[in-house]
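I have a new structure open and my notebook beside it. Come along while I look things up, one entry at a time.

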Amino acid sequence: MYVPVHNRVDDPEEAWAFVKAHPFAVLCVNGPDGPVVAHVPLVVRHDEATGTQELIGHIARANPFHEAVAEEGSPCVAVFRGPDAYVSPSLYPSKQIHGKVVPTWAYLAAEARGHVTIETDPRAMRNYLEPATHDMEAQAPKPWAVDDAPAEYISTLERAIVGLKIKVRALVAKRKINQGKPQADYHSVQEAFAASAHTSHQLLSLEMQKESQKT
C-alpha cells in the first residue's frame, strides 16, 4: 500500500487499534492460478512466545480459499477498511480563488502482511471460534458464548469450517483525510462532512477533527 509520509500512522498502538475496530478484512494469497481472496473477520491476539501479533479467523470448509494455502502456510496480505468518501473540489474555498483543485478520495485503511496457516482439525476449532466471539460480543448487554448453543450443533458447525492464523510480519496504517491541504479547505470539507446525512461523511468528519487536534 502506497503511504505518503503525511498519511502514515506512526504509532503502532494506533494502527492496531484501527484493525481491532475494523476487523472485517479482505485476505489475499497467491494461488496456483493467481490471487485468491476471502472476506473474513480477523481478531488480534498477542503471541507471548514471539512477542508478535497474530490474526485469527475462520472460513467455511467449502470455501476454496483454503485450498490455495500451501500445507506449510503461505505469504498473505489482509486489508482492513474504515470509512471512505469522495471529496468534491466544490468544497474547497480555494476553488474560487485560483481553481487549481481536483477531486480526491478520503479514507482510512490498514494492511497487514504475514504468513497464513490453515487448521483443518474440527477438534481445534474452539481456538478460532472463541476469540472472535469474545471480541465481537464484548460490548453486548448479554454477551453470547459458544457454549450457549447445543454442543451437538456446535460440533456439526466445527466440522464445516477451517481455522486461519496469520503471523503478522508488518502492519501499515493510512489516514488520507486531506492532510496537507490549506487550512480553509481542510475545515470546509470537515464541516461539510459533519453536516452530511451520510454515516461515512460523519465518521470522516470526526477523524478530521482528531487530526486537527494533533497539530
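Which exposed residues does the face of H1 turned away from its buried side carry? I looked, and that face carries Glu 13, Lys 20 and Ala 21. A reminder to myself: this is a predicted model.

**Entry: the buried side of H1**

Next I turned the helix around. H1 covers residues 12-21, and its buried residues are Ala 15, Trp 16, Phe 18 and Val 19. Seen down the helix axis, these buried residues fall within an arc of 150°, so they line one face of H1.

What do the buried residues of H1 pack against? I noted five names: strands E3 (43-47), E4 (52-60), E5 (74-87), E6 (104-119) and E7 (161-176).

I also checked how the helix begins. Asp 11 caps the N-terminal end of H1, with a side-chain oxygen 3.0 Å from the backbone nitrogen of Glu 13.

I picked Gln 53, which lies in strand E4. Gln 53 and Trp 16 are 37 residues apart in sequence, yet their C-alpha atoms are 9.2 Å apart in space. Leaving out residues up to four places away in sequence, I found that Gln 53 touches Trp 16, Val 44, Arg 45, His 46, Ile 166, Lys 167 and Val 168.

**Entry: the partners of E1**

Strand E1 (residues 24-31) pairs with strand E2 (residues 34-41) in the antiparallel sense, over 8 bridges. A hairpin of 2 residues joins E1 to E2. Here I found Val 26 standing opposite His 39 in E2.

How many bridges join E1 to E5? I wrote down 5, and these two strands also run antiparallel. On this side Val 29 stands opposite Cys 76 in E5.

**Entry: two rings**

I searched for aromatic pairs and the structure holds 1. The rings of Tyr 86 and Trp 105 have their centres 5.9 Å apart and their planes at 65°; over 60 degrees counts as edge-to-face, so that is what I call this pair. The pair links distant parts of the chain, as Tyr 86 sits in strand E5 and Trp 105 in strand E6, 19 residues apart.

Methods:
Residues are numbered from 1 along each chain as its sequence is written. This is a predicted model: local features need pLDDT of at least 70, side-chain atom pairs count only at pLDDT 80 or more; totals for chains, interfaces and linings use all residues. Side-chain values use heavy atoms; hydrogens and water are left out. Buried means under 20% relative accessible area, exposed over 50%, partly exposed in between (1.4 Å probe, protein chains only). Helices (H or I, at least four residues) and strands (E, at least two) are DSSP runs, numbered from the N terminus. The arc is that of the directions from the helix axis to the C-beta atoms. Contact means heavy atoms within 4.5 Å. A polar contact is a pair of N or O atoms within 3.5 Å; within protein, one must be able to donate a hydrogen and the other to accept it, and residues adjacent in sequence count only if both atoms are side-chain atoms. Two strands pair if DSSP finds at least two bridges between them. Rings of Phe, Tyr and Trp (its six-membered ring) pair if their centres lie within 6.5 Å; planes under 30 degrees apart count as stacked, over 60 as edge-to-face and the rest as tilted.
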